[in-house]
Amino acid sequence: MKASITLGKVTNFLGLGFFSTLKNLFTGKLEKEDFKVLLRKTIVPLASIVLFIGLWHLGAKSLYNIEAKFKIEKALKDQGQTAADALKACIASGESTCQPNTLPSPAQVWESYKSLLRDHHIISADKAAFIEKTAVLNAKRIAAGKAAITYTGRPSFVDQIFRSLQTVFAGFLLALLIAVPLGIFIGLSPTLKSAFNWFIQIFKPVSPVVWYLLVFMIVKTLLIDSNEDSSFTISFISVGFCSMWATLVNTAMGVSTVDKDYINVAKVLKLGTFQKIFKVVLPSSLPLIFTGLKITLSVAWMVLIAIELLAQSPGLGLFVWEEFQNGANDSNAKIIVAMFVIGIIGFLLDRLMLTIQNWVSFDKTDAI
Amino acid sequence: MAYLELNNICKTYGQGANEMEVLSNINLKIEEGEFVAIVGFTGSGKTTLVNLINGLLAPTSGAVLFKGAPVVDTSHERGVIFQNYSLLPWLTVEQNVLMAVKEAFPEKNKKELKTIVADYVEMVSLTPAMHKRPKELSGGMRQRVAVARALAMKPEMIIMDEPLGALDALTRGNLQDEILNIWGKDKRTALLITNDVDEGIYMADRIIPLRPGPNATLGPEFKIDLERPRDKTAMNDNANFKKTRNAIIEYLMDIGNERKTEAKEAYILPDLVPKDFVNQFKFGN
């Protein structure tokens with residue numbers, strides 16, 4: 001019994017309440033009231049997923065047919081009946097060289113997902129073998145004061161995901177370190193607020209692409225002597241600058257709108273400035289600061305793809321761009337796989353922030 | 001010289017055409033060790049008066065003198081119990097009180113401070129709730145924490161701004177006794193702002209009605225010559241009590257009637273029917 005309470009609490013806390021109902025279904029403890037909840041929270045979402053995949057399948061099929069018909073007609077017009085028949089047979093046989101290039105079906109995407117995983121296992125094994133092979137040599141090189149030989153093969157899809165996460169967290173951390181302190185200062189001082197207001201209003205709506213170019217101009221010059229690849233630095237700084245505005249504005253607002261009662265308490269108790277900020281102002285604006293941070297993280301993840309693409313920094317954005325340029329038979333399916341991975345990771349990051357927010361916030365209400 | 005003195009206090013809010021005088025010509029003298037109650041209608045400027053005395057606001061003209069020196073800022077010598085408890089929701093009972101004690105006695109070490117906190121929390125009988133947050137407490141318990149917080153700083157004067165206004169009658173009665181008990185122990189000077197005449201009579205040595213604002217000013221004072229400790233049930237049969245009570249209520253009623261006849265302007269209110277928002281926007285759960 002105790003275990004189920006804990007599970008229920010944990011899942012509710014994470015905003016995944018339907019798990020506990022699902023568990024009740026399997027343990028046979030389903031009440032009539034529970035059934036309604038189950039229907040709404042589990043069956044309806046599952047049904048809508050099935051419907052979505054079905055519509056996608058039909059849509060992909062009809063797009064496939066349009067493209068195939070067009071190809072055959074074009075062959076007939078340009079090269080005559082024989083070529084058209086040959087193409088028709090080729091398409092029907094499923095030969096990869098002549099397949100229409102359009103929206104992939106759910107099955108193709110699933111296949112690509114599996115092939116990407118296989119690819120990851122192959123690359124991982126390759127990498128492990130390489131490290132093992134060079135271990136002795138590297139030890140010697142390091143002893144001799146030379147740089148170790150590193151694996152320079154192409155990164156797998158999973159490696160790209162982790163690289164993207166690294167970039168987004170570095171950018172998020174940068175945004176946090178700039179926006180939170182600055183927001184506190186702006187919120188506390190009306191003078192600073194009017195000094196920074198134009199700055200915030202003008203730079204907040206600037207597109208990620210432009211931020212990237214700006215950061216590129218500056219970082220390129222600053223790192224002019226370095227031979228290191230600066231693409232990671234440029235992309236995480238751009239991500240940070242793009243995404244920090246929500247936190248900045250929310251923090252400033254939270255700090256400047258602290259309940260008057262709390263300020264009066266601070267005055268009556270004669271708290272010092274430092275004490276007042278850390279004991280009264282910050283705790284009371286934490287919920288708003290975290291709302292800002294939550295938006296910042298989701299914006300960071302969203303702009304990351306575009307910025308990686310521009311910066312040629314390894315990650316999911318570059319993966320998508322390379323697959324698009326590649327134009328191989330399964331490239332479109334791989335792009336869709338990346339799309340789902342991006343979406344799911346974005347969702348998980350949002351949940352992560354929500355969990356942290358619930359944890360630090362004194363006001364334990366559901367903030368969904 | 002009186003302990004606390006208010007000389008010709010005026011307080012206005014706003015400027016120019018929007019200027020509104022909330023308090024005008026307030027004169028008040030409170031002697032050391034006295035328990036004074038100010039009784040008034042809601043919206044008559046009671047909270048403004050409290051904030052002038054505790055130093056959160058400055059008067060537009062006139063002077064607030066505390067022990068002969070003008071009040072320019074808040075001070076640990078004057079403890080305040082706010083109307084709406086004003087506990088910090090992210091701190092536990094202990095932390096809320098500790099924060100105040102730490103400020104009042106910066107020279108004491110952590111152990112001494114904790115002992116003081118424990119003593120005062122015990123005094124308002126909240127030791128079992130020591131590590132709870134305000135949200136987990138009832139209204140009466142929260143106000144007790146606020147009382148403990150104000151008293152733990154050992155102020156020379158306690159200012160209470162409708163401290164029991166939001167509580168039910170039973171809790172109210174209990175807390176009145178508790179506050180009187182604590183006050184009786186070391187006879188600090190106390191100023192109670194309330195809208196309950198009975199509460200004022202039960203607790204105070206003197207009652208002063210506040211004529212409602214704008215331009216609120218203090219009415220004639222009523223002395224309460226009842227022996228302490230007072231007994232609520234016995235008090236109801238006391239001729240002296242009845243006389244004072246009737247006199248104060250009559251005075252306040254007269255002001256009320258005066259105000260009604262003054263307000264001749266008729267307001268046309270829009271004919272609005274509240275929408276059923278709650279049901280209209282009900283989502284899941």
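In which loop of chain B is B:Glu162 found? The residue is placed in the loop between strand S7 (157–161) and H5 of chain B, in a model that is predicted, so that local features require pLDDT of at least 70 and side-chain atom pairs count only at pLDDT 80 or more, whereas totals for chains, interfaces and linings use all residues. Residues are numbered from 1 along each chain as its sequence is written, and chains are lettered from A and ligands numbered from 1 in the order in which they are written. Helices (H or I, at least four residues) and strands (E, at least two) are DSSP runs, numbered from the N terminus.

Chain A contains 13 helices and zero strands. Of its 368 residues, 28% count as buried, a residue being buried if 20 or more other C-beta atoms lie within 10 Å of its own, exposed if 12 or fewer, and partly exposed in between, with C-beta atoms placed from the backbone. Among the contacts in chain A with a separation of 6 or more, 71% are accounted for by residues 24 or more positions apart, where contact requires that the C-beta atoms of two residues, placed from the backbone, lie within 7 Å.

The axes of helix H12 (residues 316–326) and helix H13 (residues 331–360) of chain A come within 8 Å and cross at roughly 165°, which makes H12(A) roughly antiparallel to H13(A). Axes here are lines fitted to C-alpha atoms, for helices over the stretch in contact, and angles run from 0 to 180 degrees between N-to-C directions; those under 35 degrees count as roughly parallel, over 145 as roughly antiparallel, 65 to 115 as roughly perpendicular and the rest as oblique. On the H12(A) side the contact involves A:Leu316, A:Phe319, A:Val320, A:Glu323, A:Phe324 and A:Asn326, which meet A:Ser331, A:Lys334, A:Ile335, A:Ala338, A:Val341 and A:Ile342 in H13(A). By class, this contact has eight nonpolar, two polar and two charged residues (Ala, Val, Leu, Ile, Met, Phe, Trp, Tyr, Cys and Pro count as nonpolar, Asp, Glu, Lys and Arg as charged, and the others, Gly among them, as polar).

Elsewhere in chain A, A:Ser231 lies in helix H9 (residues 231–256) and is buried, with 20 other C-beta atoms within 10 Å. Neighbours within four places in sequence aside, A:Ser231 is in contact with A:Ala311, A:Gln312 and A:Ser313, while A:Glu308, 77 residues apart from A:Ser231 in sequence, is 8.3 Å apart from it in space, C-alpha to C-alpha.

In chain B, B:Glu162 has a phi near 40°, a positive value in a residue other than glycine, and counts as buried, with 21 C-beta neighbours inside 10 Å. B:Asn8, also not a glycine, has a positive phi of about 45°, but lies in strand S1 (residues 4–13) and is exposed, with 12 other C-beta atoms within 10 Å. Just after H5(B), B:Lys187 takes a positive phi of about 45°. B:Lys29, in strand S2 (residues 20–30) of chain B, is partly exposed, with 15 other C-beta atoms within 10 Å; beyond its neighbours within four places in sequence, B:Lys29 is in contact with B:Ala2 and B:Glu5.

Between the chains, 14 residues of chain B are in contact with 13 residues of chain A. Helix H2 (residues 93–104) of chain B gives the most to the side of chain B that touches chain A, with three residues, and that side has eight nonpolar, five polar and one charged residues.
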